[in-house]
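Have a look at the model first, then read on.

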Amino acid sequence: MLRVGLIGCGAMGSVVARELEAGTVDGAVLTGVLDPEVDHRLGVADLDSLLSEADVVVEAAGHGALRDCGVAVREAGTDLLVVSVGALADEALESQLRQAEGGRLLLCTGAIGGFDILRAAMMFGPLDDVSITSTKPAAALVRPWMDETMRDGLAAGSAPVTVFDGVARMACERFPESANVTATLSLATIGFDRVRVRMVGDPEATRVRHVVSASGTAGTYELSFENAASPDNPRTSAVTAYSVLRALTDLRPPAVSFL
Ligand SMILES: NC(=O)c1ccc[n+]([C@@H]2O[C@H](COP(=O)([O-])OP(=O)(O)OC[C@H]3O[C@@H](n4cnc5c(N)ncnc54)[C@H](O)[C@@H]3O)[C@@H](O)[C@H]2O)c1
């Protein structure tokens, strides 16, 4: 039995907890939940208690929690499945998490996918260009650092507005809540300083759409994703909780593998 500890029981973590308790992942059992804000029947008071009963810890709590707990989880010999992948845009944290010895560092694919084919393409030859265009409801993209013209363009709501066009590391700084997919794509392919990101506010959009494009000697690729929002947190795609459950399924000895 794979024993799963959970850090963070919010919009995403609560679905992971509920589905694990319902037996959705054959051969996995939820053994503890660490979240000071949530009263869960498997709630634990601290990380040590969580680690004492877990083979893998799912982090679904945010960048601060990953910073506070990530290295300790690996050093305890426990696998760490990271959902807040955007935190790794911080080079110091990325290097601490990579260098910690013990359990494995596992990055959840989250709200997008297709890394299998992109990684295969990179083994054939270099990928020269990798980009992601994320289109969101215009109002969701207004940020305090934007100038008046950009804010007015988003508020006017008459046409799509490109609010960012640059490299992934900068995108993660400017739009931290959109950093996770950008970070996962960067880490899986050509890195935070080479992946190009465009952020578009669309007054007509009701879902978040990500289009990943890549090209290299192996071929050209275009992958598109349109995700419904979580009913509990409009900034989180509902499918992300299920990508955690899928990852836990793949950690079990499989009857069939999609490798
Ligand atoms: N990889 C992806 O594609 C992807 C997609 C969407 C969201 N995310 C990330 O997943 C994370 C969770 O998202 P959510 O929508 O469930 O957020 P949420 O705000 O609904 O829930 C977070 C929960 O974590 C708890 N928490 C915060 N700090 C904690 C700590 N130090 N220890 C224990 N618990 C702590 C909070 O009390 C809260 O209940 C976020 O970081 C989000 O950016 C990743």
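Between domain 1 and domain 2 there is a count of 1 salt bridge (a side-chain nitrogen of Lys or Arg within 4 Å of a carboxyl oxygen of Asp or Glu). Keep in mind that this is a predicted model, where local features need pLDDT of at least 70, side-chain atom pairs count only at pLDDT 80 or more, and totals for chains, interfaces and linings use all residues. Residues are numbered from 1 along each chain as its sequence is written, and side-chain values use heavy atoms, with hydrogens and water left out.

- Arg169 and Glu91 form a salt bridge through their side chains, at 4.0 Å from N to O.

**The domain 1 side**
- Helix 4 (residues 91-99) gives the largest share of the domain 1 side that touches domain 2, with 3 residues; helices are DSSP runs (H or I, at least four residues), numbered from the N terminus.

**Layout and buried area**
- Domain 1 covers 2-110 + 239-251 and domain 2 covers 115-227, with bounds from an automatic or database domain assignment.
- Their centres, taken over C-alpha atoms, are 26 Å apart.
- Into the contact (heavy atoms within 4.5 Å) go 14 residues from domain 1 and 11 residues from domain 2.
- About 880 Å² is buried between the two domains, and carbon and sulfur atoms give 65% of it; buried area is the accessible area (1.4 Å probe) that two parts lose on being put together, summed over both.
- Val85, Ala89 and Thr109 supply 41% of what domain 1 buries against domain 2, more than any other three residues.

**Around the ligand**
- The ligand has 23 residues around it (a heavy atom within 4 Å), and the closest are Ala11, Met12, Asp35, Ser84 and Thr236.
- A backbone N or O atom of Met12 sits 2.8 Å from a ligand oxygen atom.
- Val83 places a polar backbone atom 3.0 Å from a ligand nitrogen atom.
- Asn180 has a polar side-chain atom 2.9 Å from an oxygen atom of the ligand.

Note on methods. Helices (H or I, at least four residues) and strands (E, at least two) are DSSP runs, numbered from the N terminus. A polar contact is a pair of N or O atoms within 3.5 Å; within protein, one must be able to donate a hydrogen and the other to accept it, and residues adjacent in sequence count only if both atoms are side-chain atoms.
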